[in-house]
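Here is a short briefing to read alongside the model.

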Amino acid sequence: MSVETVMARITQLQQGLLPQTEPSTTGTSSTAFASTLQDATSSAGVTGASGTAATGTSFSSGVSGAATATDTTGQTAGQRALQVAEGEIGQTEQPPGSNDSPRIAEYRTATAGSGIGPWCAYFVSWAAKQAGAPVGEAGQGFGSVSALSSWAQRTGRFTPAAAGQAPQPGDLIVWGGEHVGMVESVDSDGKIHTVEGNSSNMVTRRVHDSTGDGATGFVRLG
């Protein structure tokens, strides 16, 4: 039962009590009203100034206002894109070596002017767009790794691997102008786990050493 429903019920009960002024009913109607009010507020979950919704989302409320939900996931754009990418693991070229399949064609839709060809940049462009963080100044996506890297450098999103900063889950990992993947996790010894499109003709997980096996840099999506 919502707070608004509770207030409407309270008003109805108050109006219904107004004519009952005979001595014989004194106390009875007040007791009934209090009992009904208690039942109504209990059903609505009104416990005071704050509480927790059934979904686990925190909220604050008062009798005169509606509950306001607050997002408690705390996920970055990169983490959201990573979740999308992980859901694609196992997608393969059909036939192998063709740079194409119905699903890979879907990845290309995230990049303006795309055509059949190497698709690692298409893949990360698509994952980023699905996560609400499209790459490119106009969100146009990229079909080449070099173009993606240039954009990242122009916008301050690029960190050279030589800087020695460990990447975060959801960062893009770049190998020059040749290949791009997405960081999934980093081990305590520095090994980098990735999700990569167009790796052995499919979307797959890879593990690289602490240098990313020669990675040139990382791109922060947000």
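With a relative accessibility of 8%, E88 counts as buried (buried means under 20% relative accessible area, exposed over 50%, partly exposed in between, with a 1.4 Å probe and protein chains only). The model is predicted, so local features need pLDDT of at least 70 and side-chain atom pairs count only at pLDDT 80 or more, while totals for chains, interfaces and linings use all residues. Residues are numbered from 1 along each chain as its sequence is written, and side-chain values use heavy atoms, with hydrogens and water left out.

**Around E88**
- E88 sits in the loop between α3 and α4 (102-108); helices are DSSP runs of H or I with at least four residues, strands are E runs of at least two, and both are numbered from the N terminus.
- Setting aside neighbours within four places in sequence, E88 contacts R103, Y107, F123, W126 and V203, where contact means heavy atoms within 4.5 Å.

**Where α3 meets α5**
- The axes of α3 (residues 77-86) and α5 (residues 120-130) come within 8 Å and cross at roughly 120 degrees; axes are lines fitted to C-alpha atoms, for helices over the stretch in contact, with angles from 0 to 180 degrees between N-to-C directions.
- On the α3 side A81, V84 and A85 make the contact, and on the α5 side F123, W126, A127, A128 and Q130 do.

**Around T204**
- T204 belongs to strand β8 (residues 202-208) and, at 15% relative accessibility, counts as buried.
- Not counting residues up to four places away in sequence, T204 touches I89, T194, V195, E196 and S199.
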